[in-house]
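Consider the sequence and model below, beginning with the strand pairing and moving on to the helices and the surface.

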Amino acid sequence: MNEFTWTPIGEPPPMPVPPPLPAKLDFAGDRRSFLRLIARGAGLELVTLGFYRFWLATDMRRHLWANTVIDGDAAEYTGRARELLIGFLIALAILVPIYLLYFLVSVEVEHMQALASIPLVASFYVFGQFAIYRARRYRLTRTVWRGVRLWMDGSGWIYAWWASVWLLLVIVTLGIAMPWRAAALERYKMEHSWYGDLQGRFEGRGWEFFKRIWWLWPVTPFAIIMSPALPFLYGYYKAVEWRWWVSGIRFGDVSVESKLESDALMDLYWKVVGWYFLLIIALSIVIGGAAALTASFGGMSAEELAAPGGLTRAMPMLVVTVISYLAVVLALTVVLRLYLMRDVWARVLQTTVVTNLAAAANVAARGDLATAVGEGIADGLDIAGF
């Protein structure tokens, strides 16, 4: 007897629905336009004695955010330069009395000056960690995607306390606890980060980070002696850190994964080193040429120029030296912002995918705007980031 298989007459069985494809992140910004932006901003920083940096920081963030494309939709940065300026002025009102008090104490108790610097450094570290947390909170509340704002709650002081405790553990373990410190602090920040009503979390583990970088501890002392190896090691470290950090980000059921290669950033750090040496060589040539011309036409010998107060008697050379130095500093800031801000941002985004983005489709807007005081303190302590 032959066996036959048959299907009842009616609707065909439902086809299995394939899982949604991961959404790719991309960076659509034009490199030349960003270069023009930061070059113009560096010049205006010089003219305004540094006060233009608040407007430049805002313009850079708007450029980076607006060209960050997730599943075809770009992000938006809504921060304003005036907020950063006000936050910086408030931070000065906090930091200047601390500087003044330390100065008065060190003058009155000169023999205890070294001891008095310990609480100053400790207080600035705590302030710095508080500023890092609040600055991130400010930037998140100024970030909008698909009409929904990100935001952050939690306490900056609690974060600063845990950062300080972890720092002591890092010191005691000679740096070995650093990956676990990074994981614990990032976990606190992500647990208090939200996209609308979708809560974030961080799933990166310190052990995962440590496994990728453990060999840096015995190698780094030799790399410091052999300086050309440092850009390779630091570039490797930053690429591993970026991949570990990005791959640990979660918002509800939305997950992020980075495919950044370990050598993806090395050339950027080498380019910065190359530009640094080129600028130093150019500065040396300009100052050396100005000194030679001054000695030839000004009737001053090289010994007289090198003597104390020699430059003040050669005013043209002094002017050339100051202008050349400022030009080199501004050029170096342009190089750093181009390679280590814009280019790193682009490479990280272009190697990142988002899974289950549909889980963020129906979020409800929540959260309040944060002040820029944390940004101001971070700027005053020179620890500002993106």
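Strand E1 (residues 23-27) and strand E10 (residues 352-355) run antiparallel and are joined by two bridges. Strands count as paired if DSSP finds at least two bridges between them; strands (E, at least two residues) and helices (H or I, at least four) are DSSP runs numbered from the N terminus. Ala-23 has Val-354 of E10 as its bridge partner. E10 is also joined by four bridges to strand E9 (residues 254-258), again antiparallel. There, Ser-258 has Thr-352 of E10 as its bridge partner.

The model is predicted: local features need pLDDT of at least 70, side-chain atom pairs count only at pLDDT 80 or more, and totals for chains, interfaces and linings use all residues. Residues are numbered from 1 along each chain as its sequence is written, and side-chain values use heavy atoms, with hydrogens and water left out.

Helices H1 (31-47) and H13 (315-350) each supply at least two of the patch residues, and H13 gives the most, with four. Leu-46 lies in H1 and counts as partly exposed because its relative accessibility is 39%; buried means under 20% relative accessible area, exposed over 50%, and partly exposed in between (1.4 Å probe, protein chains only).

Ala-331 is also placed in helix H13. With a relative accessible area of 26%, Ala-331 is partly exposed. Ala-331 and Leu-279 are 52 residues apart in sequence, and their C-alpha atoms are 8.0 Å apart in space.
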